[in-house]
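Dear colleague,

I am handing over the structure below, and I would be glad if you could look through it before reading my notes, which follow it.

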Amino acid sequence: MNAFGDNSGDDSKHKLDPRVLTAGLIVGIIEFELFSLVDGIIRIAKQDAWICIILGSLIISAAAYLLIRLAARFPGESPFQYGKKIWGKPIAFLLGILYLLYWGGFLALISQDASMANRAFFLKSTPPGIPMLILGIAAVWLAAYGLTAIIRFFQLNLLFLILPLILVFLMAIRNIDLHNFQPVLANGVMPVIKGTLYYLGAMQGFEIILFLGPFLKNVRAAVKPALAGIYTIIVLSLVQLLTVVGIMGTENVEAAIWPGISAISVIQLPGFPVERFELFLTVPWIIGVFTTICLYTYFLVSGITGILGIKKGRGISYFAAAIITLAAYMFPSYAAVLQIRSYYNAVTPVFLYLLPIAALLTAFLRKKRGGRNG
């Protein structure tokens, strides 16, 4: 058992059912960007943004299958363990450092996102550092119990994350104008391709497939649960897109900071006792942000301990949380956060898809496997 309380090396009675991967993917991937994701895609592909999500879903599904094959090839081993077998220690160390920088930067970005939204909707007069520090400490506390505890927490929050989003969509259906999605492919194919790449880059948390592999009873049986989680995210993305574009139109979406919130504020239901329906998004917003921070805190600190061979990681986890909180203050403005976030989306496919798939191909060519034959 390591510093996070993980017991991936124990016998099968301590393993998780592969079906937990569904909740892991849904809750791990969905965060604040779900409410602003369509903004970036629409700026690129306009009314054809829905095609980008469909095409992206096919690529993500294929990538999920390949990542599960990689995890199944090295049963009971973490990515940092079999990475040394596949690449060799020098290259594995370098890739590990790149992942640490990627995860740390993403944590700083999402912390700044949370701070900005908190000042806009909740605690306007509270110093932004206080909520950020509270989220960081709580995330470290949960991550210290290991990935199994994080997954259990994800399962508890799954319905609270999904149901409000579905409820908002049902209320918005009567306000959707399908003419806002026409004409199809009016701007050609290239904007759709670029929008698809943008969508692929918004799937931060997808790497949970590799990290959860050692904790599953049967990794090969995780394909269907993984696809179930991915398709749920795709449906929620389409729901968000239909709501935003269908109500506001592409021109108004491009002018909004948070188009998802803006679209919901337009909804009117005569006689309904609630007037501000955007409040329905507060629960999934809080859950999405906190769970993603927990997951990436685990990625970051387990990466540090795995790469450096440190057995006790609790002190490092609190130190990392403090550094991330301070780093979030380095952004000069929220516009800079949005710009850097777009750069992150551009490089994310390299870390989520290209490198793991390259690792699988290299392991196949070099005939590397887990266990005695590794």
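In which segment is K367 found? K367 lies in the segment after α14 (334-365), where helices are DSSP runs of H or I with at least four residues, numbered from the N terminus.

Before going on, please note that this is a predicted model, in which local features need pLDDT of at least 70 and side-chain atom pairs count only at pLDDT 80 or more, while totals for chains, interfaces and linings use all residues. Residues are numbered from 1 along each chain as its sequence is written, and side-chain values use heavy atoms, with hydrogens and water left out.

Most residues other than glycine have a negative phi. K367, although not a glycine, has a positive phi of about 55°, and with 68% relative accessibility it counts as exposed (buried means under 20% relative accessible area, exposed over 50%, partly exposed in between, with a 1.4 Å probe and protein chains only). K46 also has a positive phi of about 55° without being a glycine; K46 sits in the loop between α2 (37-45) and α3 (49-73), and its 26% relative accessibility makes it partly exposed.

In helix α4 (residues 79-87), the residues P79, F80, Y82, G83 and I86 are buried. Seen down the axis of α4, these buried residues fall within an arc of 165° (taken from the directions from the helix axis to the C-beta atoms), so they line one face of the helix. Just after α4, G88 takes a positive phi of about 90°.

Note on methods: Helix = DSSP H or I, 4+ residues; strand = E, 2+ residues; numbered from the N terminus.
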